[in-house]
Each structure stands twice: as structure tokens, then as C-alpha cells.
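I opened this notebook to look at the ligand site and then at the aromatic pairs.

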Amino acid sequence: MTRTVYVNGEYLAETEAKISIFDRGFLMADAVYEVTSVLGGKLIDFDGHAVRLKRSLDELDMAAPCSKDELLEIHRKLVELNDIDEGMVYLQVTRGSDGDRDFVFPSDDTKPTLVLFTQDKPGLANSPAAQKGIRVISIDDIRWGRRDIKTTQLLYPSLGKMMAKKAGADDAWMTEDGYVTEGTSNNAYFVKDGKIVTRPLSNDILHGITRKAVLRMAAEAQMIVEERLFTIEEAKAADEAFVTSASTFVMPVVEIDGETLGEGTPGPIARRLREIYLEESLKAAV
Ligand code: PMP
């Protein structure tokens, strides 16, 4: 089916949508993005994504393309036009283009580019991967120093995913100075003796929208959470592990660098957090 997508104020067939070859998103990855999940035709944590988008734009001194209310309207309209029950809405804002290539930013009156499209993913909430758990390998984190900004510089995470695939695994966790930063497209956690451990927020990792919600829900469920640096060795010796992201929610990890965790099946804390997250998020979806 041909999707209807959104480009700079227009709803168009995906085959008709165009942006300039001089767009700085295309030439320089001078762009930020968000991915919001859709369950039951409704947006999960739209507010969290809108707030983080604003922060990413501010950190890069990039103009906001429109108001939060307008963004919500565009998201909802695309979900409706494309008849999405379960899936995602991808949003990207770039610094636009003034018709040439230059490292210097274009003039202030250059309009940002705003693109949104949907991805239809039936069965997103009931994914087979979540039943089985995923296997990860560890790789060096060689990304830039502002990973808290959600830019479209995704080449290294993409290479990391391919390294995992080649190694027969599903994903990679990145390490820097001996400590795990995060997964290629998710935040990383392990559980030992009932305690959930994850890296604290800083410029070294993306401030996951799902991370924030899951840590709040874990605290509400009287689970113990410790935000501190941890090594891959600690994670390998854990009882269980998991990752979080807007499109995979809480995803159990059952193997790290070939070492099986616990029974090699999704652990009870990861399973419970996934249940709570899906239930609570659905209640609050808009
Ligand atoms: N870290 C990285 C590097 C990511 O790409 C993502 C997914 N965008 C996350 C963490 C998880 O963030 P969120 O829960 O907001 O999807």
C-alpha cells in the first residue's frame, strides 16, 4: 500500500514526496528525529517525545518547525490516513537548506524541513522476540560526545547492528572506558539479586523516553533501581537483562557475548516491567 506521508505542510503519497538535494539533513545529518509508537491506533507517550524533540532542537540551535499541538495533529492524521493500529510514527526535522552546501549554518530565515511517515507493524506489542528474549554482543562505543541529542547520525549504530547480525546475535551493547553506555537503539539494564541497574543520564547516552517511564513504573512497583556505571562483565554475570525503547518497549536480553543469563529465557522482572509498561502506556495513550 502506498503510504501517505507528511512533508512541510503537505500530506502526499510517499512516491510524490520530495526534499531538496541541498537539505542539510541529507548532506550533513544536520537533523533530529523522534519515533513514537502506536498501539490500538493511539500514540504512546507523545508528550515525552515532543519534550525531547524541543530539547534536541534547542541544543542544536535549530528552529522548531511548528507547535506541539500542530505536531500532535499531524501524528494523529497520519495514523488515521494510513489506518495504523500498531506501528510507529517517524518524525524528522532538519535545518533545511538555502540552496547550496556550506558548513556554516544557512541564514536565520531558512525554514526547517519537517518530514513524518508511519510504519505499520501489526503484532508490535506481542512480538515473538519479547517471548524469547534477544541476544546481544558488546562493541566499542565510538560515537560522538552528544549522544543525548537525538540526531540522525546513525551510521555507527547501524554498523553495530550489522556486527551483531554477522555474529549471529540480535543487537549490540556499546562500551566506553570499560563501561556499558547503551544499546545501538535502546537503553541497557541488568538485574542482579532483584536490583535493576542502568547507566545514569549524561551526554553519553540518549535520555530514553521509555527509560524514564519504565524507571518511574519500577519505583511505583517497589522495585529497586540503581543508576550507576556498570561493566559488560557485571551484566554477563547478571540474573537477567533487558533493553528499553519506544518501539520495543521492554525487551528481555537472554545472552551477552555468548554467555547465557539465568535460564536463558526472559527474566521475571523484565517480563513484569513489560506488562506494566504496556498496560500503563495504553491507558495514557492519546
Ligand atoms: N538509546 C539510543 C541510542 C536510541 O537510539 C534509542 C531509541 N531511539 C534509545 C536509547 C531509546 O530511547 P526511547 O525510549 O526514547 O525510544
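How do the residues of the shell around the ligand divide into nonpolar, polar and charged? I find four nonpolar, nine polar and four charged, with Ala, Val, Leu, Ile, Met, Phe, Trp, Tyr, Cys and Pro taken as nonpolar, Asp, Glu, Lys and Arg as charged, and the others, Gly among them, as polar.

I note that this is a predicted model, in which local features need pLDDT of at least 70 and side-chain atom pairs pLDDT 80 or more, while totals for chains, interfaces and linings use all residues. Residues are numbered from 1 along each chain, and side-chain values use heavy atoms, without hydrogens and water.

I looked up the shell: 17 residues surround the ligand (a heavy atom within 4 Å), and the closest are R52, K150, E182, I209 and T210.

I then looked at polar contacts (N or O atoms within 3.5 Å). The side chain of R52 places an N or O atom 2.7 Å from a ligand oxygen; a backbone N or O atom of I209 is also 2.7 Å from a ligand oxygen, and one of A246 is 2.8 Å from a ligand oxygen. The protein buries 92% of the 390 Å² that the ligand exposes when taken alone (Shrake-Rupley method, 1.4 Å probe).

I turned last to aromatic pairs (ring centres within 6.5 Å; stacked if the planes are under 30 degrees apart) and counted seven. Y33 and Y90 are stacked, at 5.7 Å centre to centre and 25 degrees between the planes.

Note on methods: Polar contact = N/O pair within 3.5 Å; in protein donor to acceptor, adjacent residues only side chain to side chain. Phe/Tyr/Trp six-rings, centres within 6.5 Å; stacked < 30°, edge-to-face > 60°.
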